[in-house]
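My notes follow in the order I made them.

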Amino acid sequence: MQRATLIGMSAAQTELSDAADNPSGSTDSTSSTSPSAPKKKRGVKRTTGWYVVFAVVAGVVAGALSLLFNQESRAALGISDPGLVTTVGMPLAKSGGEVLAALATGSFMLAAFGTKARKDGSLSLDGWAASRVGGWAAICWGLIALLQIPMTLSDVSGQPLATTLQPAYWSMSLEQVGESPAWLLIGVMGLVTGLFALMSNRWVWQPVFFALVLLSVVALASVSHNASGGNHDVGTNSMIFHFAFTLFWVGGLMALLGHARRKGDFLREVSRRYSFVALVSFIALSLSGVVNTWITISFGDLFTSNYGRLILVKIIAIVILGLIGYIHRKVTLPKLDEDPSGSMFRRFAVVEILIMAATIGVAVALGRTPPPPQFQDQAGGGGELPEMTQMQARLGYNLDIPFGWEAMFTVWRFDLFFGTIAIALASVYLYWLYLEKKKGGQWPLSNTIWWLSGCVMLLFTSSSALGVYMPAQFSVHMLAHMMYSMAIPVMLVLGGPVTLAFRALKPAGRDGLPGVREWLAVFINNPVSKFLTHPIVATVQFVAGFYLLYMTSLYAWMAEEHIGHLFMNVHFLISGYLFYWVIVGVDAAPNHTPESLRLLVLMVSLPFHAFFGVALMQTGTVIAPDYYGDLSLPWAVDLLADQNTGGAIAWAVGEIPLYMVTAALFVQWRRSDAKEAKRYDRKADRDHDQELNDYNAMLQGMAEGRSSNVQSEYYTGVVDDGHRVSLGDPVGPAEKRRKRK
């Protein structure tokens, strides 16, 4: 595999050199082989220099603003000055690293969704170039993230960077500084992603690299200033969207600039797709920015504090970028039809990315500037501000009444993460349904009802009292767990979204750029999907998650952070979707599983769920006692009794969806038999029931002591030209009578 990768890299390098020396694509052998022929000018331009400029601009802006405002912040917090290297170098490296993370994300996004793979599954020339840029950018991002570990310790302790760089201080930073473990995770993810990307030449791996870099923003959001204090659940969720769409917007444009300078294929189509991504990113960044501002400062603080002034600068920059994006959509993109080289587009893109880089620098400086105090303990004990409770510090909000019917009808807190995802899933499905109806196609109403019901259930489970009380009481957590892993996935898989997408979306064609329809086909027909949807694998990952999470210390560790709760719910959804996709999914799974085997797999899984619930009911040890004990709920909670109630919920409520699925699977089995019978009847009508006639003729021949042609074909066969074998009785009745005589 490594040798094939090296050969592919060498071939791609050769093509890149040929494209540079022969930009017109001419195959004239005279001009290419004659030693006296003058060399043509390079048809592609490197963009590495511009990438460095963008990272430096972001770093300089962040470093300058931190130097301007950081001394005042340190004096207010009583932290000594660690020196100019840390004060300027830390924000400079962080903002430059975020630009590189955006470049890695955009490059892998371009290689995966903006290029066309070759017939053997390897990257094209454009995809290879983008993937290599993404690989090196990811490695640089990982190294900068690791450098943040000693820099963070220097920043919070006031020690010079030369001191904290010593190996003994690295472990101290990881143990005592909350941000350092997140930076270690980001660094490892960046290095591993970059190294694998540089060693791989397969198109199918590019979405994986894209997702890995994108996942690093989750760790980055967990250490932002909005990830602690009151409303930190909303703040963390909004920062996840904020960071993710920043990578989409900035990284996508940087990758597109490099693609244009390389004279890449499908520039018009890729630019059109990026324009849509940029529009969605602009809206998402604006809304998430409003949420972050709302939970951090009041309107008056925008003009009276350094934190507010930096927010105003960021708002102005976002507005300017929105106007430039509008010009792109109305002027530069239409010009690509007249100017395939995209010269005007490239000039506008450079200016836009420079503003984006400066905005990233402002955002990094903003993250290092303390916001105005919102709670009494942050204000040093001032009596004018409300005191932040222990419950707020843990959950992000206060709970006043116990969980029950009153709470179910009166408590509502919109979950910015899952609530937004639920609305997006419903919107995309309805848009595909609109396209299908526009083409004159038909789609079962039951499928639409199932899908929309799943989206509504996801919104309700995450934002109603179920979601609000889920991190506060184990019994409610288990009830919501059953909804996330069983009820919601069943509804979603019965909606058949992949089948609808295949019917509604236009195929790219042989020479077109692959789109959503082609990506879904690759997602289904690949070894990883076939492995995950194997009945045994799907069942094991679905059942084992219960035991690994609750029968080990994993739950106690993850419950301490909002990101941990978020990860658990995402796992519940994905695990349940994979299992029920195999069992009752409307969409075709990578592995075709007969209905009888699916029913057997479902029946085998039932005892494991029941045993888990019974075991949880009978346990005498409280799970995560420190976490639940520190919540200080205003009503008394017997933690062990509440946990046993959660086990009863897992045993009783968890079985209901499984029995419903059993009934649905039985209905599907009956429908499959009915379809098979209709298919047989149509075949019989076409050939006048030839199969039945042949069978009756064979039986009649056997009764009369003679063999028909059909019987002979059934009982005998040929191994080779000289050997004839018999699968049945090799001696006929007449020959047997002659032998007996």
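**Helix α24**

I began with α24, where P535, A538, T539, F542, V543, G545, F546, L549 and Y550 are buried. I kept in mind that this is a predicted model. Next I asked what covers these buried residues of α24. The cover includes α20 (474-493), α23 (527-532), α25 (554-558), α26 (562-584) and α27 (595-618).

I then checked the length of α24, which runs over residues 535-550. Its 16 residues span 24 Å from first C-alpha to last, close to the 22 Å expected at 1.5 Å a residue. There is a bend in α24 of about 30° at A544.

**The chain as a whole**

I stepped back for some totals. The chain holds 33 helices and 2 strands. Of its 741 residues, 47% count as buried. I also looked at contacts between residues at least 6 apart in sequence, and 75% of those join residues at least 24 apart.

**Helix α5**

Where does α5 kink? I found a kink of about 30° at I149, shortly before the proline P150. The helix covers residues 125-157, which makes 33 residues. From first C-alpha to last α5 reaches 49 Å, close to the expected 48 Å at 1.5 Å a residue.

I noted that 25 of the 33 residues of α5 are buried, so this helix is largely enclosed by the rest of the structure. Just after α5 comes G158, with a positive phi of about 80°.

**α10 against α14**

Two packed helices are described by the angle between their axes and the distance between the axes. I looked up both for α10 (residues 232-261) and α14 (residues 343-367): the axes come within 10 Å and cross at roughly 150°. The crossing of α10 past α14 is left-handed.

Which residues meet there? From α10 I listed T246, W249, V250, L253, M254, L256, L257, A260 and R261. Their partners in α14 are F345, R346, A349, V350, E352, I353, M356 and I360. By type, the residues of this contact divide into 13 nonpolar, 1 polar and 3 charged.

I jotted down a reminder about spacing. An α-helix has 3.6 residues a turn, so residues three or four places apart point the same way.

I went looking for non-glycine residues with positive phi and wrote down two. K263 has a phi near 55°, and its place is in the loop between α10 and α11 (267-296). Is K263 buried or partly exposed? K263 is partly exposed, with a relative accessible area of 45%.

S632 also went into the notebook, with a positive phi of about 55° although it is not a glycine. S632 sits in the loop between α28 (625-629) and α29 (639-652). At 51% relative accessibility S632 counts as exposed, because the cut-off for that is over 50%.

**T499**

My last entry is T499, which lies in helix α21 (residues 497-504). T499 counts as partly exposed, at 25% relative accessibility. What does T499 contact, leaving aside its neighbours within four places in sequence? I found W443, V586 and D587.

I also checked T499 against R517, 18 residues apart along the chain. Their C-alpha atoms are separated by 10.0 Å.

Methods:
Residues are numbered from 1 along each chain as its sequence is written. This is a predicted model: local features need pLDDT of at least 70, side-chain atom pairs count only at pLDDT 80 or more; totals for chains, interfaces and linings use all residues. Side-chain values use heavy atoms; hydrogens and water are left out. Axes are lines fitted to C-alpha atoms, for helices over the stretch in contact, and angles run from 0 to 180 degrees between N-to-C directions. Helices (H or I, at least four residues) and strands (E, at least two) are DSSP runs, numbered from the N terminus. A crossing is left-handed if the near helix is turned anticlockwise from the far one by less than a right angle, and right-handed if clockwise. Contact means heavy atoms within 4.5 Å. Ala, Val, Leu, Ile, Met, Phe, Trp, Tyr, Cys and Pro count as nonpolar, Asp, Glu, Lys and Arg as charged, and the others, Gly among them, as polar. The expected span of a helix is 1.5 Å times one less than its number of residues. The bend at a residue is the angle between axes fitted to the seven residues ending there and the seven starting there. Buried means under 20% relative accessible area, exposed over 50%, partly exposed in between (1.4 Å probe, protein chains only).
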